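Thank you all for coming; I would like to take you slowly through one structure this morning.

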Amino acid sequence: MNQLHIEPLHDDFGARVTGIAISGDMPDTGVAAIRDAIDTYSFLCFPDQDMTDEKQLAFTRLLGEAEAEHVVLGKTGKVTYFGTVGNVQDDGTKRGNAHANTHYQTGNQLWHSDSSFREVPSFVSILHGYEVPGEGGETAFASMRAAYGRLAGDMRETIEPLHAIHDYVYSRSQVAPVDPNHAASLPPVMHRLVRENPLNGLKNYYVGSHARSIPGCSGADSRRLLDDLLARATRPRDIYAHRWRAGDTAIWDNRCILHRGTGYDADRWRRRMRQTRVVGGEKGVIHTSAMA
Ligand code: OGA
Ligand code: MN
């Protein structure tokens with residue numbers, strides 16, 4: 001039953017997993033096997049899942065604490081658990097390229113790690129595809145663990161003691177204005193630049209679009225280092241671009257992987273995906289330091 005069949009997707013990371021139905025009623029052995037696969041592969045795709053929001057949230061909670069969705073939380077103070085990714089609203093209507101929300105979501109086309117701008121960032125994101133474009137709309141992934149592994153020893157030593165400030169308002173305002181209440185809910189936070197998975201001892205660095213600066217470095221040196229680390233992780237050969245099929249459930253490990261959307265024609269296609277996230281800092285997940 002819980003015999004996972006795992007096919008790697010890229011030399012560095014990623015696997016397609018069959019032989020298991022994702023739900024809230026999975027046996028502990030199935031959950032343990034998925035946790036192991038997350039620690040090993042960083043990105044998992046489970047095709048042909050018969051998903052609902054209820055199942056997805058129940059499964060999310062088997063991996064840890066469900067993360068409150070930050071946009072609704074910041075704007076209204078209400079705790080909800082799903083992010084709708086794409087251009088289809090709850091009532092089924094589609095938003096086109098000109099809609100402000102379609103534009104806002106293009107912020108996801110910058111390489112990032114989900115919720116790196118929160119005091120406790122996400123452990124994993126879980127994204128289920130209900131409707132996907134016939135063309136475009138891939139999500140690209142790249143491993144900061146593999147990139148760390150490629151660094152020379154002196155570079156590893158240089159970055160080991162450093163921290164980075166992550167700031168959602170900094171990153172998102174490059175694309176679109178951020179609602180003032182939302183902005184006020186997300187003050188900048190500080191995280192270690194180098195992190196280690198406590199279960200397998202593998203290290204990675206932790207950058208992305210929300211990483212604004214490095215305390216102790218000048219602005220120019222901060223940008224140079226953050227941009228250099230990002231570029232080293234995201235060369236074309238480092239990337240796995242996931243071409244979604246309806247029914248795919250993907251899980252990715254935000255502790256060590258970067259991702260970005262690649263865009264699609266929202267006038268032409270419907271894209272409806274539902275996302276939940278698991279809070280980090282629990283069950284062997286790496287804790288990070290909030291800004292003191
Ligand atoms: C996300 C995300 C990119 C995309 O769901 O967290 O960044 O492909 N998505 O829409
Ligand atoms: Mn994202």
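Let me start with a word that I shall need several times: a residue is called buried when its relative accessible area is under 20%, exposed when that value is over 50%, and partly exposed in between, with a 1.4 Å probe and the protein chains only. Please keep in mind that this is a predicted model, in which local features need pLDDT of at least 70 and side-chain atom pairs count only at pLDDT 80 or more, while totals for chains, interfaces and linings use all residues. Residues are numbered from 1 along each chain as its sequence is written, chains are lettered from A and ligands numbered from 1 in the order in which they are written, and side-chain values use heavy atoms, with hydrogens and water left out.

With that word in hand, we can turn to the aromatic rings. Both F43 and F141 are buried. Rings of Phe, Tyr and Trp (for Trp, the six-membered ring) pair if their centres lie within 6.5 Å, and planes under 30 degrees apart count as stacked, over 60 as edge-to-face and the rest as tilted. The whole structure holds 4 aromatic pairs by this search. In one of them, the ring centres of F43 and F141 are 4.4 Å apart and the planes stand at 45 degrees, so this pair is tilted. Because F43 belongs to strand β3 (residues 43-46) and F141 to strand β6 (residues 139-143), the pair ties together parts that are 98 residues apart in sequence; strands here are DSSP runs of E with at least two residues, helices are runs of H or I with at least four, and both are numbered from the N terminus. F43 also pairs with Y240, with centres 5.6 Å apart and planes at 50 degrees, so this pair is tilted as well. Y240 sits in strand β12 (residues 240-242), 197 residues from F43. Ring pairs join F43, F141, Y240 and W252 into a cluster.

Now to the metal. Which residues coordinate the manganese ion, ligand 2? They are H112 through NE2, D114 through OD and H259 through NE2, at 2.1 to 2.2 Å, where donors are N, O and S atoms within 2.8 Å of the metal (3.2 Å for Na, K and Ca), and sites may look incomplete, since water is not among the atoms. H112 lies in the loop between α4 (100-105) and β5 (122-131), whereas H259 lies in strand β14, 147 residues apart. H112 counts as buried because its relative accessibility is 4%, and H259 counts as buried at 4% too.

H112 brings us to ligand 1, since one of its polar side-chain atoms lies 3.1 Å from an oxygen atom of that ligand; a polar contact is a pair of N or O atoms within 3.5 Å, and within protein one must be able to donate a hydrogen and the other to accept it, while residues adjacent in sequence count only if both atoms are side-chain atoms. For the side chain of T139, the distance from an N or O atom to a ligand 1 oxygen is 2.6 Å, and for R271 it is 2.8 Å.

I will finish with two loop residues. D48, in the loop between β3 and α2 (53-63), has a positive phi of about 55 degrees although it is not a glycine, and D48 is exposed at 56% relative accessible area. S115, in the loop between α4 and β5, has a positive phi near 60 degrees, yet S115 counts as buried at 0%.
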